[in-house]
Amino acid sequence: MAERAAPLAEAVKPVRPGHAGGHYRPLSAGGVAAIADNAFEILERVGFADATPHCIETCAAAGALLGGDGRLRMPRSLVERTLEQARRNLVLHGQDPRHDLDLSGARVHFSTAGAAVMVADTENNLYRDSLAQDLYDMARIADTCEHIHMFQRTCVPRDIPDNYEMDINTLYCSVMGTSKHVGSSWTLPGHVEKSFAMLHQIAGGEDQWRARPFVSQSNCFVVPPMKFATDALECLRVAVQGGMPVLLLSAGQAGATAPAYLAGAVSQAWAECLGGLVYVNAIRPGAPAILGAWPFVSDLRTGAMSGGSPEQGLLSAACAQLGIHFDLPFGTACGMSDAKLPDFQAGAERAATVLSAALSGANIIYESAGMYASLLGTCPESLLLDNDVLGAVGRMTRGVEVNSGTLSFAEIEQICASGEGHYLGSGSTLEVMQSEYIYPDFGDRDSPTVWEEQGKPVMLRQAVKRTREILAGHAPRHVSGEIDIRIRSEFPILLSRKAMGR
């Protein structure tokens, strides 16, 4: 028992980052082709409004056309040339190489995200403004969660009203809280430029940063439908020129800023993302980019967003099929719940939507942990509970290996012939109990009798207790104190070293 309680070697674990999805296909082959053709036509005939001068000049040089109506159109031939030169087999680096993520093919990974403006306080059953301390703490918690593979900022530090200081502190809290790959965003291009100075220091220099960029930019470069966001487009330009991977994020809301028909919503999302890809590759051919088709869902009775709806899972899975079709690094958003706190609704919505996206082969599933109230709230304790959910989803994504050994014929024959009648003590049962099966950290599998004997434990209370333990004892040191002091001398860092356990 002591031997089996020890940490597992990586090769033995039943679930590891990057299991291949692609088994679930809500679209037929003909449906995929029709949506791809529709996206090409949208780019060629509709095009984008509000392109920046740099975007117009760069894309026009590559073959885009600026119409008399001011819309920038991208012929199919241009988009197809872009697809030929676009980066594939992308690796997102962690500060610690153990956390590198291979985004080739249909390999699946789970990430946080969300930019919530409130924290769901489970102990007091209320919502409050999110703070910089919350962001750092959630990065620390995610750093301990095996099945959360990267950390994209979960909340906005509302105690920092200045946009520059907010961007800098968002980046700082994230990269200091975890050695996994980090995703962040910026409001103005000048803020991105200044952030590179911090990243170069942590990396050990600009060359080291460019060799292993451990932060990606989440960039809402488009305001659906088919309109560029000028400040975000400039942030995108600076990121690409600085060697930072970019998430090209289209977040239309079906029935509001995207068509209500799901096929139309997928078509528009992919057209918008491919347009961003054209710009990225016009700046720097082969620059690292993740296609982020994130069509969200409206509850058409009220117009409110419904992140936990079954249609959210369908949309994300369909978009992932297009990602496999184009053979591009792809990320989508699933797992955010409409519930306000960790409860039955939250668990059901998170499991159903994340599973559909994982089985469809999305390379990164953002917002897969900790997000509530359709992204308005985030919950630190939920990261631990959701880690169980993501582990189960990862196990289902891995599937069933079939070979002469796993078919177990010899063992079946021996057990039946001997009259033993069960496999509880067989060598193979003991051998694969940890490599074939995954066990939850918080899920309760005890009998009612044992549950009573243990004082009727409540899962959420256990997560609250474990959260306190992590925050009291887990103070990452992957960035040295010397570098931290140097960063603090150059940037307006809000968190004190004491608040970070340093």
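Buried means under 20% relative accessible area, exposed means over 50%, and partly exposed lies in between (1.4 Å probe, protein chains only). The model is predicted, so local features need pLDDT of at least 70 and side-chain atom pairs count only at pLDDT 80 or more, while totals for chains, interfaces and linings use all residues. Residues are numbered from 1 along each chain as its sequence is written, and side-chain values use heavy atoms, leaving out hydrogens and water.

**View 1. Asp 50 pairs with Lys 227 in a salt bridge.** A salt bridge here is a side-chain nitrogen of Lys or Arg within 4 Å of a carboxyl oxygen of Asp or Glu. The closest N and O atoms of Asp 50 and Lys 227 are 3.6 Å apart. This pair links distant parts of the chain, 177 residues apart. Lys 227 is partly exposed, with a relative accessible area of 38%, and Asp 50 is partly exposed at 37%.

**View 2. Arg 128 meets Asp 134 in another salt bridge.** Here the closest N and O atoms are 2.8 Å apart. Asp 134 is buried, with a relative accessible area of 8%, whereas Arg 128 counts as partly exposed at 30%.

**View 3. Asp 69 forms a salt bridge with Arg 73.** Their closest N and O atoms are 2.7 Å apart. Asp 69 is partly exposed, at 48% relative accessibility.

**View 4. Glu 10, Lys 13 and Glu 146 are linked in a network of salt bridges.** For context, the structure holds 25 salt bridges. Side chains of opposite charge can pair when their charged atoms come close.

Definitions and conventions: Helices (H or I, at least four residues) and strands (E, at least two) are DSSP runs, numbered from the N terminus.
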